[in-house]
Amino acid sequence: SADSPSNALIVPLAHAIGATPWLAQHDYHFDLCAEQPAGADSQLSSHWWLRGNKIAFESLPVPALGGLHQLANAAASMIAFSLLGKARLNFEHTSAALLDVQLMGRIQRLSGAPQRFVDVAHNPQAAAALAVWAQQHRCGRIDAMCAMYADKDLYGTACELREVVQTWHLAALPPPRGASLEQLQVAVLRASPKTPVTIYPSIAQAWDGACADVAQGGFALGFGSFETVREILRLESAADRLDTGP
């Protein structure tokens, strides 16, 4: 398990079916490499280490996927692969894979200007990880476009991002599950009463509004649900701005 808050649930279930749980920072360990010497660039370390189940990698590159929570995901994936016992992990091949990995919708940077990102964060935990990433990378002003489902924690999600979002651009997802503009606006204003909020009749218009608001050194962020990101990527593709790679 890469997620310690879930261990209390996972461990008894694993034992009940006769499985052996492997828990992060208990059965295997990982962390960023030691800080750079005094006077060096104070940016976060670009390497990390992993030890467990006969793996002892000391200087792996940080995954290309944004967010330090991706270390936990990468570590769990590597340990799971090693536990299968089918093949041994090779340091060089693993390092190359970490640098090449891509996952649409997870802190995904869109090509061209202005600087734009999308992320499928739709709960407080994912929003918290997104906020940490933004703060660690000193991303500057964020103009956020948000559309969410009503059965999600709208207020809790907005609270996690209130320290990094400078303007909110809100749109509704279709009923019956989509949160209305009123529901979104109430949640955002309650979480961040002094942050400007603009509402729009569609995701397309809200995304255009967020992108038009981008200031020097900042970026537009579209998030709130898989449906929200899917629509933004469709819009970007229709405008021939979506780089889908080779």
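Modeller: Let's start with a rule: two strands pair if DSSP finds at least two bridges between them. Strands (E, at least two residues) and helices (H or I, at least four) are DSSP runs, numbered from the N terminus. The model is predicted, so local features need pLDDT of at least 70 and side-chain atom pairs count only at pLDDT 80 or more, while totals for chains, interfaces and linings use all residues. Residues are numbered from 1 along each chain as its sequence is written, and side-chain values use heavy atoms, with hydrogens and water left out.

Biologist: How do you know that strand 5 and strand 9 pair?

Modeller: Four bridges join strand 5 to strand 9 (residues 219–223), and the rule asks for at least two, so they count as a pair. These two strands run parallel. One of the bridges sets arginine 116 against alanine 220 of strand 9.

Biologist: What joins strand 4 to strand 5?

Modeller: Three bridges do, and here the strands run antiparallel. Arginine 109 stands opposite phenylalanine 117 in strand 5. The two strands form a hairpin with five residues between them, and glycine 112 in the turn has a positive phi of about 85°.

Biologist: Which order do the strands of the sheet take?

Modeller: The order is 4-5-9-6-7-8, an open sheet of six strands with mixed pairing. Strand 6 and strand 7, for example, are parallel, with five bridges; in one of them cysteine 146 has leucine 170 as its partner.

Biologist: What makes strand 4 (108–110) and strand 8 (197–199) edge strands?

Modeller: Each of them pairs on one side only.

Biologist: Why are Arg116, Val118, Phe117 and Asp119 said to cover both faces of strand 5?

Modeller: Arg116 and Val118 lie on one side, Phe117 and Asp119 on the other, and all are buried. Buried means under 20% relative accessible area, exposed means over 50%, and partly exposed is in between (1.4 Å probe, protein chains only). Side chains in a regular strand alternate between the two faces of the sheet. Strand 7 (residues 165–170) is mostly covered too, with five of its six residues buried.

Biologist: How do you know on which side of helix 6 its buried residues lie?

Modeller: Leu184, Ala187, Val188 and Ala191 are buried in helix 6 (residues 181–191). They cover an arc of only 95° around the axis, so they sit on the same side of helix 6; the arc is that of the directions from the helix axis to the C-beta atoms. On the other side, Glu182, Val186 and Arg190 are exposed.

Biologist: Why is the contact of arginine 141 and aspartate 143 called a salt bridge?

Modeller: The term needs a side-chain nitrogen of Lys or Arg within 4 Å of a carboxyl oxygen of Asp or Glu. For arginine 141 and aspartate 143 the N to O value is 2.9 Å, so by this cut-off the pair qualifies. Aspartate 143 has 0% relative accessibility and therefore counts as buried, whereas arginine 141, at 29%, counts as partly exposed.

Biologist: What about arginine 141 and aspartate 213?

Modeller: Their closest N and O atoms are 3.7 Å apart, and they too form a salt bridge. Arginine 141 lies in the loop between helix 4 (124–136) and strand 6 (142–146), and aspartate 213 in the loop between helix 7 (203–212) and strand 9, so the pair ties together parts that are 72 residues apart in sequence. Aspartate 213 is at 31%, which makes it partly exposed.

Biologist: Where do glutamate 231 and arginine 234 lie?

Modeller: Both are in helix 8 (residues 226–238), three residues apart, about one turn of the helix.

Biologist: Is glutamate 231 buried or exposed?

Modeller: At 15% relative accessibility, glutamate 231 counts as buried, while arginine 234, at 41%, counts as partly exposed. Glu227, Arg230, Glu231 and Arg234 are linked in a network of salt bridges. A search of the whole structure finds eight salt bridges.
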